[in-house]
Each structure stands twice: as structure tokens, then as C-alpha cells.
Amino acid sequence: MSTPFPSVAYLTDVEGLWKKLTSFCQDNPLVSLEDGDRLVVRPGVTFVFGGDAIDRGPDGRRVVRTLLEARRRQPSQVVLLAGNRDINKLRLVRELRGHPLARTPPEIQSAPRPVLLRWIFENTMGARGAFEFRKAELARSGDTITDEDVVDSYLEDLGPGGALREYLSACQLTHRVGKTLFLHGGLHEDSLGMVPSRERVDGVDAWGEALNVWYRDQLAAFAEERLDADGKPAWEPVIAYQAPTPGRRLNTASVVYGRMANELNHPGLPSPELIETLTRAGIHRLVVGHTPSGDCPSLLRDDSFELLLADNSYGRVEGASRVLLGDDRVLVEGDVKLDDGRLERLRFEHALGDTSSPIGRQLLDTGQLVKGPLQSGEWLLFRALPEFRVEQLAVDPSTLAGRALGPARAAP
């Protein structure tokens, strides 16, 4: 049975920027912000946050508190997925207390804690500026904030009763609503069915539940400071699971750090074989964050399957995009700053299985993805370029006539 449309509101990769949360909720028919920080989900609706609540803005603590409070108040309607920027903070409890990574330079290992934390953020977490963002957030209290206070705030957040520890404990790694599977990063042949240190799990739903159970056990091990048989922290596997494979920018064995894109971040569908496995299980749409995809979400489609990438954290615009879903339709909207400097609005509603529209198809001659119609009446073309640049062009619909379109097959 199909769910009503729309029944799911989806947001991802806020990364400590409060404006992304407020812009997502503004005039949103499914989710609202009341009394400043109170996130309210309408009856019959599910709100899915796709992960990465912190790091790149001065509101990380506020975002975490807001999402956690909503989850506690509406537990059956609020789903929180753990992102790599969230999970990797578990490392700090040991690294800031005398157990830094082996690759930490000796002079940094012996330096004061603030120096070490800055080095960790900038060199091992991809979170340049996170230290100063947290300091600015703490300073809003009106107190004089020292660098040591910043370090203490992270350890407090991860300690007993700490907001980030509680938030991570309320998260999961996968979630399914009807025909849609939500993950933070991506899905590949070597991640589907895989649960670290356990036997491979057959069946998409059984695997998703097993992966979530494993994640919950890892967070429990962290809270209990449990050690494994070798005397190592028993939660080290979840640290490895959320990290890239050494020497690469992704981890195809992980749904947290997998990427549905090529090395330039140009989005691509899963393999036909993986799509067939998912559709046999009744899953016809995969929704992910983690990999930036320009200013607005990228919808890719192939017959009766869709991939939606909605991480706009490195976009040219400040606000968040909006994704509203039902089983058979999706509504996508967001602001776009074109290469020519114009600010435009993309908005479309797409029905699953609709083969008449160019939305979600790729121009075979140029590799540009047809993202959708703009309010100007033009169509938005998108392409990832070297050095993490993007191309966002508006073209007259007539220019697409007669050109060969096909599915985007850019994923590794």
C-alpha cells in the first residue's frame, strides 16, 4: 500500500548551520520550528535527518539539542541517521586523554589539549574551523571562553548525560519507509549485507536491522567503556566503519562513508545488479547525503528506480533544500546560484517510474545531469568538475530536444 503524499520530510548535512534548519522548516507543510528551537512534526508524518549535524558552523550544539529533543518528544516520527561527522567525535575521548592517533606528530602529542584538538579537526576529521565555531557558540553565553573550555565542552558532550552521546545513541544507520531506503553515505555491493565482524546477512530488511543493532551495541560499548578480548576499546569498529578506506575518499564497505558519485563527486546510480537486488526487496528509491551535489538535490533515475542525493553543504547558497516524499512521488525544491551569477529556484514533483520527463537523466554527449525545471522556465544542467568545482547552467528546454539521454552511471 502506498503512503500518502507527502508523508516524509528529509533534511541532511546541516553541519552546525542553524540557518539550514530554519530555512528547511520555513513554510514547510510537514515540519515546523516553534518557540525558537522546538522542531514539530505534523501528525502522520516522518521526519528523517540524514546525518552530519555538526562541524562547519557555529550552531552545532543547538542543532544537536533541537534534533534530540524532537526525537525524544516524537520518537515514532523522528528518525536520526548518524553521519561520519557525528560518529567520529567518539574518538576525542581517548585522543584528548593521552591516546592520540599514531600518525599524530610528536610535537602535537605533547602540546596543550587545544593545539591537539585543532590538529585533529584540521588533519583527521575534515573539520577545519570547528574549534573556532565551537568557541563562538560557547561565547554566546556571555562568559569569557578559553581554548581549554572548548576542549572541555566536547568531552562534556561525550560524557555521561552529554548531548552528543545521547544524540548518537538515538541515531541509527539505516531506515526504510515503504519503497524508500535512507542512508547517510551510500550503498555498494560490498556494503549491502555486510555487518562488521559478523556473518553476512541475507535480505535487505534483515541486514538493515542487523546493522542498526550492531551500531547500538557499539554505542553501548562506548558508554560502558567496554574493552575487547585484546584490551582495545570495543567501539573501535564503528570508528573504522565511518572512516574512508586508507588512501581513498570513500569506503564502499560502509553505508556511512560510501559515496554515490565518482572521484569528482559527480553523482551516479548504483550498478544494475544492485538496483535489481533492491527492487526485488520492494525498494525503488535510495536517499543519501554525505556527498555534496551542488546547490540543490540531485535526482537520478533508471526506469522504476531513483537515487536522490541531498547534501548541499558546499553549495553557493546558504539555505537548505527541501525534499518531501511519498512512496510514488517526490517533491524537490531549492535555491540555485547559476554560473552566470543569477539566483534561481528549482522546484519539481516527480512520479516514480515516469519515463516521459528528462529529470534525472544524463546527457550522453556532455555528461551533464538534467536536474529539473527552474522558475524562469529554463532547465538546470549540473556537472561536477575537477578540484571540487561544479557547473550549474540554465538552458532553454528546446535545447534538450533530440539529444540522447541515459542513466547516470558514475558511481565506482
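Modeller: E122 is partly exposed, at 37% relative accessibility. Here buried means under 20% relative accessible area, exposed over 50%, and partly exposed in between (1.4 Å probe, protein chains only). This is a predicted model, where local features need pLDDT of at least 70, side-chain atom pairs count only at pLDDT 80 or more, and totals for chains, interfaces and linings use all residues. Residues are numbered from 1 along each chain as its sequence is written, and side-chain values use heavy atoms, with hydrogens and water left out.

Colleague: Which residue does E122 form a salt bridge with?

Modeller: R128, with the closest N and O atoms 3.6 Å apart. A salt bridge needs a side-chain nitrogen of Lys or Arg within 4 Å of a carboxyl oxygen of Asp or Glu. R128 is exposed, at 61%.

Colleague: How many salt bridges does the structure hold?

Modeller: 39. One of them joins the side chains of E15 and R56 at 2.9 Å, N to O. E15 sits in the loop between β1 (8-11) and α1 (18-25), and R56 in the loop between β4 (46-49) and α2 (60-73), so the pair ties together parts 41 residues apart in sequence. Helices (H or I, at least four residues) and strands (E, at least two) are DSSP runs, numbered from the N terminus.

Colleague: Is E15 buried or exposed?

Modeller: Buried, with a relative accessible area of 2%. R56 is partly exposed, at 22%.

Colleague: Switching topic. How many disulfides are there?

Modeller: A search of the whole structure finds 0. The cut-off is a pair of cysteine sulfur atoms within 2.5 Å. For C171, the nearest cysteine sulfur is that of C25, 17 Å away. C171 is buried, at 3%.

Colleague: And the largest nonpolar core, which residues touch the most other members?

Modeller: F47, Y167, L173, L187 and Y215, out of 90 residues. Such a core is a set of buried Ala, Val, Leu, Ile, Met, Phe, Trp, Tyr and Cys residues joined through side-chain atoms within 4.5 Å. Helix α10 (residues 204-224) gives the largest share, 9 residues. A second, separate core of 29 residues includes Y10, V287, L308 and V323.

Colleague: Last one. Where is R285 found?

Modeller: In strand β8 (residues 285-292). R285 is buried, at 1% relative accessibility. Its side chain makes a polar contact with that of E306 at 2.9 Å. That term means a pair of N or O atoms within 3.5 Å; within protein, one must be able to donate a hydrogen and the other to accept it, and residues adjacent in sequence count only if both atoms are side-chain atoms.
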